[in-house]
Amino acid sequence: MNKHTFTKTATLALALVAGSAFANETGWYVGADIGQARNNLTSPTSPAVGLDKKDTAYGMHGGYQFNKYFATELGVTRLGTQKIGDNKATTTAYSLDAIGRLPVSDKFSVYGRLGAAHMERNYSAASGNHAAGFKVGLGADYAIDKNWSVRTELTRYNNVPTTSTFGNTLDSWNVGVNYRF
């Protein structure tokens, strides 16, 4: 490790530790969510063959809240199966995100998410693809008590692997629950 890389890594670690030392809302959490994913696919023919752009999305996540403004989160989300005629594409995303939170009250906050996702897409009529892309989202959460909270979020996954006319973005609207340790 060279001196420049070590200095940047040490500075980031110190900033994270210092930020969490002044926080009153720190700790590990896990959660799950369910919702709907929508792909921007188009029909290859005119008139259009049967399109099914939406399907159920669900996932699990875990993270660490450094302070009331910042958290990081790992997650796996199944983004459903979309169809063009008899062809199907099923997508799963594995992600690492940074979450910036703005508390509105003691129990309610809004947040933004920016992360990287490794996506796997399997097709019924072709071999599967993998790709890495960015993930952005906006959401809100409400603390029921000191351990449990509910949240809702709109997320966009970019650079989803594609073939033919299956689109390369997926949007997901989810509701979920978190448990803080």
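Guide: Let us begin with contacts, where contact means heavy atoms within 4.5 Å. Leaving aside residues up to four places away in sequence, K135 touches S95, D97, R113, L114, G115, T155, R156 and Y157. This is a predicted model, in which local features need pLDDT of at least 70, side-chain atom pairs count only at pLDDT 80 or more, and totals for chains, interfaces and linings use all residues. Residues are numbered from 1 along each chain as its sequence is written, and side-chain values use heavy atoms, with hydrogens and water left out.

Visitor: Which side chain is joined to that of K135 by a polar contact?

Guide: A polar contact is a pair of N or O atoms within 3.5 Å; within protein, one must be able to donate a hydrogen and the other to accept it, and residues adjacent in sequence count only if both atoms are side-chain atoms. Here the side chain of S95 is the partner of K135, at 3.0 Å.

Visitor: Is K135 buried or exposed?

Guide: Buried means under 20% relative accessible area, exposed over 50%, and partly exposed in between (1.4 Å probe, protein chains only). K135 has a relative accessibility of 5%, and therefore counts as buried. By contrast, V150 is partly exposed, because its relative accessible area is 35%.

Visitor: In which elements do K135 and V150 lie?

Guide: Helices (H or I, at least four residues) and strands (E, at least two) are DSSP runs, numbered from the N terminus. K135 belongs to strand 7, residues 129-143, and V150 to strand 8. The chain as a whole has one helix and nine strands, in the order α-β-β-β-β-β-β-β-β-β from the N terminus.

Visitor: How much of the chain is buried?

Guide: Of its 181 residues, 34% count as buried. As for contacts between residues at least 6 apart in sequence, 58% join residues at least 24 apart.

Visitor: Where is confidence lowest, and where is it highest?

Guide: The term pLDDT denotes the predictor's confidence in each residue, from 0 to 100. Helix 1 (residues 3-21) has the lowest confidence, at a mean of 48, and strand 8 the highest, at 95. Over the chain the mean pLDDT is 82, and 77% of the residues reach 70 or more. Along residues 12-24 pLDDT stays under 50, and the model has 10 contacts beyond four places in sequence for them.
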